Amino acid sequence: MAKKKNTEIKNALTLKPKGIVPKRPVINNQEIEKATSEIHEEEVKPKKEKEEVKKTSIHIPMELYRKLKRESFDKGITLRKLIIDILESKV
């Protein structure tokens, strides 16, 4: 008696030869645009005009750096902002 081939696994892993692929419903582009516009409201943000800057570097003693860093931490601002504020108040 001949053994029957077990093709269940093979059929599960491959496309069936006579499988019918369902047609996708036709979607109106206007409906898509309307739904998209409802979800994503256009927010026009004004562009910030960046002022021209010049990058500089200075060498300062570690003790002075620690004091500046601590003061910027206490004020809750960045070290860059603190240094710029100090320079602007002096000049």
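Biologist: Is Lys-75 buried or exposed?
Modeller: Lys-75 is exposed, at a relative accessible area of 52%. Here buried is under 20%, exposed is over 50% and partly exposed is in between, with a 1.4 Å probe and protein chains only.

Biologist: What am I looking at, and how is it numbered?
Modeller: This is a predicted model, in which local features need pLDDT of at least 70, side-chain atom pairs need 80 or more, and totals for chains, interfaces and linings use all residues. Numbering runs from 1 along each chain as its sequence is written, and side-chain values use heavy atoms, without hydrogens or water.

Biologist: Back to Lys-75. Which residue does its side chain meet in a salt bridge?
Modeller: Glu-71, with 3.2 Å from N to O. A salt bridge is a side-chain nitrogen of Lys or Arg within 4 Å of a carboxyl oxygen of Asp or Glu.

Biologist: How many salt bridges in the whole structure?
Modeller: The search finds 4. Another of them joins Asp-74 and Arg-70, at 3.5 Å from N to O.

Biologist: Why is that pair about one helical turn apart?
Modeller: Because Asp-74 and Arg-70 are 4 residues apart in helix α3. Asp-74 itself is exposed, with a relative accessible area of 52%.

Biologist: What about Glu-63, which residue does it form a salt bridge with?
Modeller: Arg-66, where the closest N and O atoms are 3.8 Å apart. Glu-63 and Arg-66 are 3 residues apart in helix α3, which covers residues 62-75, so about one helical turn lies between them.

Biologist: How accessible are the two partners?
Modeller: Glu-63 is partly exposed at 48% relative accessible area. Arg-66 is also partly exposed, at 48%.

Biologist: Why would side chains like these pair at all?
Modeller: Because side chains of opposite charge can pair when their charged atoms come close.

Biologist: Changing topic, where does Arg-80 lie?
Modeller: Arg-80 is in helix α4, which covers residues 79-90.

Biologist: Buried or exposed, that Arg-80?
Modeller: Arg-80 is exposed, with a relative accessible area of 58%.

Biologist: How far is Arg-80 from Lys-69?
Modeller: Arg-80 and Lys-69 are 9.7 Å apart in space, C-alpha to C-alpha, and 11 residues apart in sequence.

Technical notes: Helices (H or I, at least four residues) and strands (E, at least two) are DSSP runs, numbered from the N terminus.
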